[in-house]
Amino acid sequence: AIDGVERFLRSLAFDNSVRAWTLTGSYGTGKSAFANFLTALCSPQDDDIFKCAIQIVKQTEKSNLLQRQIKERLPESGLIRAVATAQREPIAKTVIRALNSGVTSYWQTRRGPRPIAISDLNELYLKSQKGSSIDNNHLLQVLESLAQSSRAGILLIIDELGKNLEF
């Protein structure tokens with residue numbers, strides 16, 4: 001788990017680094033638990049869940065290094081944490097569900113006007129719930145706009161990704 005966190009934090013240090021991973025393994029090996037832990041580390045730094053995750057980091061041999069990297073590379077406000085469990089559905093629908101949840105949580109406590117991209121995401125969400133076709137390029141544009149608007153970035157986690165392949 002610590003190796004995964006190190007790789008994630010290292011990727012944030014460079015603009016052109018790989019930032020997409022797939023965790024594979026047998027049932028019960030901790031993939032979802034790791035995703036939950038990483039999500040907690042990407043929470044706002046004043047949230048209790050972040051503080052709990054840091055307590056776990058403090059128990060590792062690399063505690064000081066990891067804490068410094070977290071402080072340097074992750075915004076205090078946290079990332080947009082877009083997390084969903086896949087179902088037998090198009091992957092775009094899963095991504096939209098994750099983004100909808102993450103964006104709602106992220107901007108819930110923010111002051112000021114909401115980015116226009118939130119309205120675009122809401123439209124995509126409604127379309128996906130009706131079973132309408134989703135333009136993947138438009139979804140990518142909305143995702144990019146949300147990341148830029150947040151000035152933080154997006155952590156997108158899809159658990160049980162294989163379910164999308166069963167669709």
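## Ground rules

Helices (H or I, at least four residues) and strands (E, at least two) are taken here as DSSP runs, numbered from the N terminus. The model you are looking at is predicted, so local features need pLDDT of at least 70 and side-chain atom pairs count only at pLDDT 80 or more, while totals for chains, interfaces and linings use all residues. Residues are numbered from 1 along each chain as its sequence is written, and side-chain values use heavy atoms, with hydrogens and water left out.

Let's start with strand β1, residues 80–85: Ile80, Ala82 and Ala84 lie on its covered face, and Arg81, Val83 and Thr85 on its uncovered one. In a regular strand, side chains alternate between the two faces of the sheet.

Strand β1 runs parallel to β2 (residues 154–159), joined by six bridges; pairing requires at least two DSSP bridges between the strands. Across the pair, isoleucine 80 stands opposite isoleucine 154.

## Two nonpolar cores

A nonpolar core is a set of buried Ala, Val, Leu, Ile, Met, Phe, Trp, Tyr and Cys residues joined through side-chain atoms within 4.5 Å; buried means under 20% relative accessible area (1.4 Å probe, protein chains only). The largest one has 20 residues, and Phe8, Leu41 and Ile70 make the most contacts inside it. Helix α2 gives the most to this core, six residues.

A second, separate core of 19 residues includes Ala82, Ala92, Ile118 and Leu146.

## Serine 128

Serine 128 sits in helix α6, residues 116–130, and is buried, at 3% relative accessible area. Leaving aside residues up to four places away in sequence, serine 128 touches Lys93, Ile96 and Ile134, where contact means heavy atoms within 4.5 Å.

Note on methods: Buried means under 20% relative accessible area, exposed over 50%, partly exposed in between (1.4 Å probe, protein chains only).
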